[in-house]
Amino acid sequence: MEGRPQKHLALILARELASQLASATFIADATGELVFYNERAEEILGRTFAEAGPMPPDEWAALFRLEDLEGQPLSLDRMPAAIALMEQRPAHANLWMTGLDGQRRLLSVTGVPLMASPTELVGMVAMFWQIPTADDD
């Protein structure tokens, strides 16, 4: 296990919780590296986590194309997950996401920082739900 830092217990527990949830859940560590997303998230994102694997924030932000409700590209600093990490506060938004399967979906996303103590950020959890649209019929 040399050369690889051990993940914080809070991230390990968050991953275990996410794996048991039916809600789409996405987890990143304090550096923003994607560390896990669950089966429901796989359905929405269009790729299994085993296929995607861990990745830095700029890579996952580019991979999962996000747009605001007007269809304008969403910059990293406006994404709920990134706000939870960078500003260490919860954030919520409705947005468009084009998954890796090419499907464009309307999502409701909430990002929450994972704090081990009031001053120790260990990561972020984002939960998201697909909002039904007329195109879903």
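Phe-36 counts as buried because its relative accessibility is 9%, where buried means under 20% relative accessible area with a 1.4 Å probe and protein chains only, over 50% being exposed and anything in between partly exposed. Phe-49, with a relative accessible area of 10%, is also buried. Phe-26 and Tyr-37 are both buried as well.

This is a predicted model, in which local features need pLDDT of at least 70 and side-chain atom pairs count only at pLDDT 80 or more, while totals for chains, interfaces and linings use all residues. Residues are numbered from 1 along each chain as its sequence is written, and side-chain values use heavy atoms, with hydrogens and water left out.

Rings of Phe, Tyr and Trp (its six-membered ring) pair if their centres lie within 6.5 Å; planes under 30 degrees apart count as stacked, over 60 as edge-to-face and the rest as tilted. The count by this rule is three aromatic pairs. In one of them, Phe-26 and Tyr-37 are stacked, at 6.2 Å centre to centre with 5° between the planes. Phe-26 belongs to strand S1 (residues 24-29) and Tyr-37 to strand S2 (residues 34-37), so this pair ties together parts 11 residues apart in sequence. Helices (H or I, at least four residues) and strands (E, at least two) are DSSP runs, numbered from the N terminus.

Phe-36 and Phe-49 pair edge-to-face, 5.6 Å centre to centre and 65° between the planes. Because Phe-36 lies in strand S2 and Phe-49 in helix H3 (residues 49-52), the pair ties together parts that are 13 residues apart in sequence. Ring pairs link Phe-26, Phe-36, Tyr-37 and Phe-49 into a cluster.
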